[in-house]
Amino acid sequence: MSKGTTMQFGRYYEEFEVGAVYRHWPGKTVTEYDDHLFCLLTMNHHPLHMDAHYAATASQFKRNVVVGNYIYSLLLGMSVPDVSGRAIANLEVESLRHVAPTFHGDTIYGETTVLDKRESASKPDRGVVSVETRGYNQDGTLVCVFRRRVMVPTRAYAAAAVPDGVDPERPSFPEPR
């Protein structure tokens with residue numbers, strides 16, 4: 001029986017190269033439902049996001065604006081398979097800027113650039129990678145940019161972390177019966 005093809009989810013420290021750019025695909029079209037659900041879950045009831053009449057009559061955009069933290073969260077999630085899928089810890093968000101508004105119906109695309117990497121001073125089985133993620137709408141307009149630092153394992157850490165006979169790429173995948 002074939003074990004199948006392994007799809008990469010995140011990277012080991014050795015696989016990051018300063019200057020590398022990872023384009024996250026597919027994009028995500030933001031719906032009114034997405035925006036309202038995120039606002040309700042996070043208790044952000046600002047009328048700019050929730051009240052179409054308010055947005056149309058009392059805002060400079062004349063329509064609802066998608067809450068910025070949803071766009072940040074969406075981009076962060078998009079980057080996980082390429083950047084932090086193997087992370088030991090997300091250490092820090094160094095900066096976060098919402099550069100342009102996002103509206104219901106916009107499609108968000110993201111890309112991440114590796115800015116720096118350094119081995120851990122205290123634990124040789126891991127390193128810290130600094131990245132910048134940028135989000136664009138369907139027109140190529142930059143809407144959000146953030147920088148973060150992620151602690152990722154080395155290959156040696158991964159090999160030592162799983163028992164013999166367990167696939168280190170999928171350590172929690174059950175054996176089919």
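Colleague: Which residues does Thr 154 touch, not counting those up to four places away in sequence?

Modeller: Tyr 12, Tyr 13, Glu 14, Pro 124, Asp 125 and Arg 126. A contact here is heavy atoms within 4.5 Å. Keep in mind that this is a predicted model, where local features need pLDDT of at least 70 and side-chain atom pairs count only at pLDDT 80 or more, while totals for chains, interfaces and linings use all residues. Residues are numbered from 1 along each chain as its sequence is written, and side-chain values use heavy atoms, with hydrogens and water left out.

Colleague: Where does Thr 154 lie?

Modeller: In the loop between strand E5 (142-153) and helix H5 (155-161). Helices (H or I, at least four residues) and strands (E, at least two) are DSSP runs, numbered from the N terminus.

Colleague: Why does Thr 154 count as buried?

Modeller: Buried means under 20% relative accessible area, exposed over 50%, and partly exposed in between, with a 1.4 Å probe and protein chains only. Thr 154 has 8%, so it counts as buried.

Colleague: What makes Arg 149 and Glu 94 a salt bridge?

Modeller: The rule asks for a side-chain nitrogen of Lys or Arg within 4 Å of a carboxyl oxygen of Asp or Glu. For Arg 149 and Glu 94 the closest N and O atoms are 3.5 Å apart, so the pair qualifies. This pair links distant parts of the chain, with Arg 149 in strand E5 and Glu 94 in strand E2 (residues 89-98), 55 residues apart.

Colleague: How many salt bridges does the rule give?

Modeller: The count comes to 9. Another one joins Glu 111 to Arg 134, with N and O 3.0 Å apart at the closest. Glu 111 sits in strand E3 (residues 107-119) and Arg 134 in strand E4 (residues 126-136), 23 residues apart.

Colleague: Is Glu 111 buried or exposed, and how do you know?

Modeller: Buried, because its relative accessible area is 14%. Arg 134 is buried too, because its value is 11%.

Colleague: Which side chain meets Arg 134 in a salt bridge at 3.1 Å, N to O?

Modeller: That of Glu 132, which is buried, as is Arg 134. Arg 23, Glu 111, Glu 132, Arg 134 and Arg 147 are linked in a network of salt bridges.

Colleague: How many helices and strands does the protein chain have?

Modeller: There are 5 helices and 5 strands, in the order β-α-α-α-α-β-β-β-β-α along the sequence. Of the 177 residues, 37% are buried.
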